[in-house]
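User: I would like to learn how to read a few features of a model. Please take them one at a time.

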Amino acid sequence: MHEDDEIPIETATLPLDAWHRAKGGRMVAFAGYWMPIQYDGIMAEHLWTRENAGLFDVSHMGQLALSGEGVAKALETLVPGDISALKPGRMRYSLLLNDEGGVLDDLMITNEGDQFGIVVNGAVKWDDIAHLREHLPDDITLNHNEDYGLLALQGPKAVTALARLVPEAADLVFMQAMPATWNGHAIGISRSGYTGEDGFEISLPNDALESFADALCAMEEVKPIGLGARDSLRLEAGLPLYGHDLDESIDPVEADLAFAISKRRREEGGFPGAARILGHLADGSPRKRVGLVIDGKLPVREGAKLFDGNTQIGVVTSGGFAPSVGAPIAMGYVPTGLSEPGTAVAAEVRGKRVACTVTAMPFIPHRYVRKQGA
């Protein structure tokens, strides 16, 4: 408990707050901001995004820029990715680690040529900024781009819609980024997102957000989508949410995110918690994040205990009804010996046991547009 935990903090508004309310967005407090949880209904918005294009306001996330001599090597002292090998215009998913190898945050790192752009989670962005400032050398400059917002356009028709406004965006493939100009505004575009669908994230000056969002939503393919559907979409895609499926007690191997530990870093180490993490890579971790398919129609929510017989073995970290699957699903942590797909476990919901089956993730296939042959 921190001394200031009991002090109420005023919920902030994002630049598009009035826009969301005018569109019928039902606003809730999330990550310190008022954000729309839904407009037309979570199920309808989820399915729309899977079939068309959904526009998400993710301006609560932190957009940081790091520059200076040796910035890539400096970053590598804090994350387990091979940042030095990241070419201009390329992105990499990575993890900010504490000294024990626990996950402080998951983030996206982009080589923007003259600097590295980093997008961090909104709920912990101020902690991330403090951590980076404390641990990076003094000659590395960190800028927090608070005058820029972030929109995510996701779904199979996202490329059609965005290309009407920025034609060159269609040339990107998954995990590529580029600078662009729209209506005289300098913007950044990446082919990325957190729904499992093809899509883009667009960084724009705050004063251009509304006109850009209006231009997209004027298209028949695009509708605004709230936090509720964003959560169900990322859950179906098997993607973890920081503060729920990831926290400081969990390392990347336990979280089933070992792909974020680059080959060179596995050989050389030199990142926080390397002894623990490399040990888990070599010998296996004691627990693992897994997907769960629920027997029946009763959703199993975050916090539900997981059992093998009468022994509690873990806990559900995310769960709910999956509109595209047509059934309840969940993810959580179980002992590695019980992590094989097909393993039967049970969740406790309102004092009753609900049968679950461990399953491989994602629950539905990712539909990212990759390079041919990649």
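User: How many bridges pair strand β1 with strand β2, and in which sense?

Analyst: This is a predicted model, in which local features need pLDDT of at least 70 and side-chain atom pairs count only at pLDDT 80 or more, while totals for chains, interfaces and linings use all residues. Residues are numbered from 1 along each chain as its sequence is written, and side-chain values use heavy atoms, with hydrogens and water left out. Strands (E, at least two residues) and helices (H or I, at least four) are DSSP runs numbered from the N terminus; two strands pair if DSSP finds at least two bridges between them. Here β1 (residues 26–30) and β2 (residues 33–38) are antiparallel, with five bridges. Arg26 is placed opposite Gln38 of β2. The hairpin has two residues between its strands, and Ala31 takes a positive phi near 55°.

User: Which strands form the closed barrel, and in what order?

Analyst: The order is β14-β17-β16-β15-β18-β19, six strands with antiparallel pairing. From one strand to the next the twist averages 40°, where axes are lines fitted to C-alpha atoms, for helices over the stretch in contact, and angles run from 0 to 180 degrees between N-to-C directions. Helix α7 (residues 227–236) packs on the sheet and touches β16 (311–322) and β17 (327–335), contact being heavy atoms within 4.5 Å. The direction of α7 makes about 120° with that of β16. Between β15 (residues 305–308) and β18 (residues 344–349), which run antiparallel, there are two bridges; Leu306 has Ala347 as its bridge partner in β18.

User: Is Leu209 buried or exposed?

Analyst: Buried means under 20% relative accessible area, exposed over 50%, and partly exposed in between (1.4 Å probe, protein chains only). Leu209 counts as buried because its relative accessible area is 0%. Leu209 belongs to helix α6 (residues 206–217). Not counting residues up to four places away in sequence, Leu209 touches Pro15, Leu16, Ser59, Gly149, Leu150, Leu151 and Leu204. Leu151 is 58 residues away along the chain, with 8.1 Å between the C-alpha atoms.

User: What lines the second largest pocket?

Analyst: Rolling a probe the size of a water molecule over the atoms shows where empty space is left. A pocket is an open set of points, on a 1 Å grid over the protein atoms alone, where a 1.4 Å probe fits, with protein on both sides within 12 Å along at least five of seven lines; lining residues have an atom within 4 Å of a point. This pocket has 29 lining residues, with Glu112, Ile187, Gly188, Ile189 and Ser203 nearest its centre. Elements giving two or more residues to the lining include β6 (103–111) and β11 (185–190).
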